[in-house]
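Me: I would like to go through this chain by question and answer. Please keep to what can be computed from the model.

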Amino acid sequence: MGRLVTLATRYPRLGALVLGAGAACGFQPLALWPLTLLGVAGLIALVRAAAGWRQAALLGWSFGIGHFTVGNFWIATAFTYQAAMPGWLGVIAVVLLSLYLAVYPALGALGAWWIGRRGIAAFALAFAGCWTISEWLRSWVFTGFAWNPLGVAALGPFERPGLAGLAPWLGTYALSALVVLLAACWWIAAVRRRADWRELGLLLAPVAAMLAPIGSGQDDGGQGGAFTLVQPNIPQEELNDYRMFEANYQRLAQLSPARPGQGRRLLLWPESGVPDYLREGYPDRYYLDNYGADPVLARQRLGRLAGPDTMLLSGTTDLEVRNGKAVGARNSVTALDGRGTIRASYAKAHLVPYGEYLPMREILTPLGLSRLVPGSLDFWPGPGPRTLDLGGWGRVGVQICYEIIFSGQVVDPANRPQFLFNPSNDGWFGAWGPPQHLAQARLRAIEEGLPVLRATTTGISAVIAADGTIRQHVPHRTAGRIDGTLPAARAPTPFSRTGNVLPLGWAAILLVLALVASRRRAG
């Protein structure tokens with residue numbers, strides 16, 4: 001450890017870049033969390049040794065570039081499915097995104113250097129507190145991109161939550177602070193360079209914490225509501241091909257029939273599950289242009305497939321029509337009963353910039369840029385978290401695709417659901433994106449104390465219990481279905497009651513302790 005720190009100190013910016021890339025290897029699918037601790041410990045050492053605030057910020061920025069380039073490189077795969085733009089542009093897009101996202105580690109490093117540079121303990125506390133605030137800022141500034149907070153590295157394997165089991169009392173962003181503090185233990189041990197039991201404790205404590213069997217998969221029972229969750233394994237290149245619409249429907253249909261004795265059940269299809277427009281009132285040309293059926297016939301067909309005791313929830317697209325012309329679209333989930341009646345719907349609120357809508361369209365379109373989701377209409381956001389009351393089928397909170405990654409923004413606190421449904425299309429996320437997406441859905445289950453059911457086009461679909469353990473799953477790029485009964489929800493957690501006030505409160509405590517430690521050191 002000491003030699004690595006010395007080497008990185010000679011070439012600080014390059015060292016920070018490499019450390020950031022290594023730290024990203026703690027995320028799925030590699031889950032090499034010791035590299036995350038090592039990377040963060042190295043960054044702490046570099047920033048602590050910085051000669052001034054500018055160097056401290058540049059070191060944080062360099063770390064962030066490496067960190068987000070490796071962690072988000074799966075985004076480049078999305079460009080291979082977009083004919084309007086060359087695939088190589090995806091690599092450039094990832095680097096440009098990383099250059100922006102790296103601003104937040106830079107702010108964290110700058111704050112830590114400014115507040116805690118007078119002492120070792122003060123610096124570790126300040127770094128953890130500032131990192132928490134920087135991740136919270138990243139989750140909402142410019143609509144936010146909260147993918148892969150550092151706390152994800154604290155998740156255990158499918159059968160146990162690991163250190164992330166503390167998320168109900170911390171929140172994800174304070175869980176990231178805990179990871180920083182564990183990394184700081186290794187830094188402090190390296191700085192002191194003593195061979196006694198205290199240094200041994202500093203080296204072993206992070207390992208013991210990361211391997212702790214917190215909440216190791218205890219069974220909370222079930223609520224009795226039956227469900228069928230379907231993963232059709234429709235490749236991304238076929239999903240929006242109108243020539244494949246009927247074949248794709250048949251893939252879903254073959255995996256959806258009720259099983260004997262199942263009774264009343266929920267049938268859960270993924271995002272983009274139904275290509276037909278299901279609502280009436282659009283000009284006829286839009287139904288024809290979409291190669292779809294009459295909306296009444298389409299709903300009746302789905303109702304017959306589902307059956308009289310089934311409520312189907314599927315991803316759909318709705319249009320916003322003004323004066324006979326479609327001016328926008330909604331990425332929605334529609335609930336249909338066995339008669340083909342629309343019982344409820346939810347419109348995605350947290351849209352993907354450059355994916356579902358093109359910011360500054362009037363400037364970027366002439367340059368040849370387009371959004372990654374096919375079609376010329378931008379999607380419009382919905383009103384935010386809502387709970388759909390489906391009567392005897394229960395109360396469900398819906399989060400479409402990457403909405404599930406936004407800590408504290410997934411549940412309507414005034415109308416708490418029994419579970420969260422996360423339909424997604426991960427088919428253009430490459431090999432690393434789907435397991436990272438699943439990991440963040442697990443964190444939402446732990447924070448909120450709610451089970452999460454994920455139905456995706458190509459995987460990974462899963463049943464996540466309220467403690468973050470995965471009860472059942474369909475592997476990536478595999479067709480399959482899961483039948484079961486809904487895992488039990490837990491009582492509202494401290495995080496579900498307070499939201500991100502909780503991790504920000506922890507950040508404030510850490511910063512106050514850092515200031516106290518700095519003053520004692522100065523005195």
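Me: What percentage of the residues of the chain count as buried?
Reply: The model is predicted: local features need pLDDT of at least 70, side-chain atom pairs count only at pLDDT 80 or more, and totals for chains, interfaces and linings use all residues. Residues are numbered from 1 along each chain as its sequence is written, and side-chain values use heavy atoms, with hydrogens and water left out. Buried means under 20% relative accessible area, exposed over 50% and partly exposed in between, with a 1.4 Å probe and protein chains only. Of the 523 residues of the chain, the share that counts as buried is 57%.

Me: How many helices and strands are there in the chain?
Reply: Both are DSSP runs numbered from the N terminus: helices are H or I with at least four residues, strands are E with at least two. The chain has 12 strands, and its helices come to 19.

Me: Of the contacts with a separation of 6 or more, what percentage is between residues 24 or more positions apart?
Reply: A contact means heavy atoms within 4.5 Å. Among contacts in the chain with a separation of 6 or more, residues 24 or more positions apart account for 69%.

Me: Which residues does Leu110 touch, leaving out those up to four places away in sequence?
Reply: Leu110 is placed in helix α7, residues 103–116. Its relative accessibility is 24%, so Leu110 counts as partly exposed. With residues up to four places away not counted, Leu110 touches Trp53 and Ala57.

Me: Which element gives the most to the lining of the largest cavity?
Reply: On a 1 Å grid over the protein atoms alone, a cavity is a set of points where a 1.4 Å probe fits but cannot get out, and lining residues have an atom within 4 Å of a point. Grid points are joined across faces, edges and corners, and a volume is the space filled by probe spheres set on the points; the largest cavity holds about 60 Å³. Two or more lining residues come from each of α4 (53–71), α7 and α8 (120–138). The element that gives the most, with 4 residues, is α8.

Me: How many residues of the lining of the largest cavity are charged?
Reply: The lining includes His67, Tyr104, Trp131, Glu135 and Arg138. Asp, Glu, Lys and Arg count as charged; Ala, Val, Leu, Ile, Met, Phe, Trp, Tyr, Cys and Pro as nonpolar; the others, Gly among them, as polar. By class the lining has 6 nonpolar and 3 polar residues, and the charged ones number 2.

Me: Which helix gives the most to the lining of the second largest cavity?
Reply: The second largest cavity has a volume of about 40 Å³. Its lining consists of Tyr249, Val274, Pro275, Asp276, Ala298, Arg301 and Leu302. With 3 residues, the helix that gives the most is α15 (residues 295–306).

Me: What is the angle between the planes of Phe63 and Trp131?
Reply: Rings of Phe, Tyr and Trp (its six-membered ring) pair if their centres lie within 6.5 Å; planes under 30 degrees apart are stacked, over 60 edge-to-face and the rest tilted. There are 17 aromatic pairs by this rule. Phe63 and Trp131 form an edge-to-face pair, 6.1 Å centre to centre, with their planes at 85°.

Me: Over which ring does the charged end of Arg48 sit?
Reply: A charge sits over a ring if NZ of Lys or CZ of Arg is within 6 Å of the ring centre and within 35 degrees of the ring normal. The charged end of Arg48 is 5.9 Å from the centre of the ring in question, that of Phe123.

Me: Is Pro451 buried or exposed?
Reply: Pro451 is in the loop between α17 (433–448) and β9 (452–456). Among the residues that Pro451 touches are Phe419, Leu420, Ile464 and Pro487. With a relative accessible area of 0%, Pro451 is buried.

How values were computed. 1 Å grid on protein atoms, 1.4 Å probe; cavity = no way out; pocket = protein on both sides within 12 Å on 5 of 7 lines; lining within 4 Å.
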